[in-house]
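Here is a brief report on selected local features of one protein model.

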Amino acid sequence: MSQITLAKGINTGLRAAMEADPKVLLMGEDIGKLGGVFRVTDGLQKDFGEDRVIDAPLAESGIIGTAIGMALRGYRPVCEIQFDGFVYPAFDQIVSQLAKMRARSLGTVKLPVVVRIPVGGGIGAVEHHSESNEAYFAHTAGLRVVCCADPVDAHFMIQQAIASDDPVIFYEPKRRYWEKAELPEGRGLADAMPLHQARVVREGEHVTVAAYGPMVKTCLEAATAAAEEGRSLEVVDLRSLSPLDVDTLAASVEKTGHLVVVHEATTFLGMGAEIAARISERCFYSLEAPVLRVGGFNLPYPPSKLEEEFLPDLDRVLDAVDRSLAH
């Protein structure tokens, strides 16, 4: 086994995809010589050249527009948006063009574009550098939206996203970039879990806690703390936000009878709202309490010294668990 960080997992996944297919290329601001602000693409321009790892101008709309054109000519571009809040200049290209071209052509046109976006807070940054805007894209038909949570998943999920003939918004939890895990020797892409399947990362009996990206680790920590008080939490990593694997989540809720959904984004019209609606419809007779949501407050992202008050933490997750079990 070799130990990798989440950032290195994405790096090695990108490398594997580029080695397997010469049509895969990378585009983004400072991703070449610098290796990206989080060093996720470190060393790739040196090994694959400036024609395949392209330092783009500071123009997100231009990056995505160029990627769309390249995809139409048979390439598989992977675009890096430097920070989550920088994606908005490219929003029109993504929503109006990238998401719709395949349907507009009745399926004859493929758009194999991956848009990598570091997501979430927890790094002491400010607004535009710490946002959670996944609901915008999950709401947009024609886009696939996924979010990795650990290094091994990151390594395989980025390769699966690149192999997709549909556009994929690929979220990376920036506060988890430096956390480590063991990548099993000999494990290949064929052994990886399907890209759009949720995963039970800790089994439990009393409450299902569903999360994705940066909040998966927080929920696992909550499960460990809850176990000391005799409460057994089942933690589900959703992994894919669109399409959503309701089957795996529903099976867990039917077992526990309780569901708490956790994400960094505000709960108002966030992913938790859709999940709560789906599970309430699907598991109505199994639920012993309302589906509860834990998320950020419905406010612009605060100054960095206040972000730990803004973001969900272990205590807020455990409080929701207590409230669910109290019904």
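## Two buried loop residues

Lys-174 has a relative accessible area of 0%, so this residue is buried. The model is predicted. Lys-174 sits in the loop between strand E7 (168–173) and strand E8 (180–183). Its side chain reaches the backbone oxygen of Gly-120 at 2.5 Å. Beyond its neighbours within four places in sequence, Lys-174 is in contact with Phe-38, Phe-83, Asp-84, Pro-118, Val-119, Gly-120, Ile-123, His-129 and Ser-130.

Ser-105 lies in the loop between helix H5 (101–104) and strand E5 (114–119). Ser-105 counts as buried because its relative accessibility is 17%, and the cut-off is under 20%. The side chain of Ser-105 reaches the backbone nitrogen of Val-109 at 3.0 Å.

| Residue | Relative accessibility | Side chain reaches | Distance |
|---|---|---|---|
| Lys-174 | 0% | backbone oxygen of Gly-120 | 2.5 Å |
| Ser-105 | 17% | backbone nitrogen of Val-109 | 3.0 Å |

## Helices

Helix H3 (residues 60–72) packs with helix H4 (residues 91–98) at an angle of about 30 degrees, and their axes are 8 Å apart. H3 is therefore roughly parallel to H4. From H3, Ser-61, Ile-64, Gly-65 and Ile-68 meet Gln-93, Ile-94, Gln-97 and Leu-98 of H4. By class, this contact has four nonpolar, four polar and no charged residues.

Helix H1 (residues 6–20) has 15 residues. At 1.5 Å a residue, H1 should span 21 Å, and its end C-alpha atoms are 21 Å apart, which agrees. Buried residues in H1 are Leu-6, Ala-7, Gly-9, Ile-10, Asn-11, Gly-13, Leu-14, Ala-17 and Met-18.

Conventions
Residues are numbered from 1 along each chain as its sequence is written. This is a predicted model: local features need pLDDT of at least 70, side-chain atom pairs count only at pLDDT 80 or more; totals for chains, interfaces and linings use all residues. Side-chain values use heavy atoms; hydrogens and water are left out. Helices (H or I, at least four residues) and strands (E, at least two) are DSSP runs, numbered from the N terminus. Buried means under 20% relative accessible area, exposed over 50%, partly exposed in between (1.4 Å probe, protein chains only). A polar contact is a pair of N or O atoms within 3.5 Å; within protein, one must be able to donate a hydrogen and the other to accept it, and residues adjacent in sequence count only if both atoms are side-chain atoms. Axes are lines fitted to C-alpha atoms, for helices over the stretch in contact, and angles run from 0 to 180 degrees between N-to-C directions. Angles under 35 degrees count as roughly parallel, over 145 as roughly antiparallel, 65 to 115 as roughly perpendicular and the rest as oblique. Contact means heavy atoms within 4.5 Å. Ala, Val, Leu, Ile, Met, Phe, Trp, Tyr, Cys and Pro count as nonpolar, Asp, Glu, Lys and Arg as charged, and the others, Gly among them, as polar. The expected span of a helix is 1.5 Å times one less than its number of residues.
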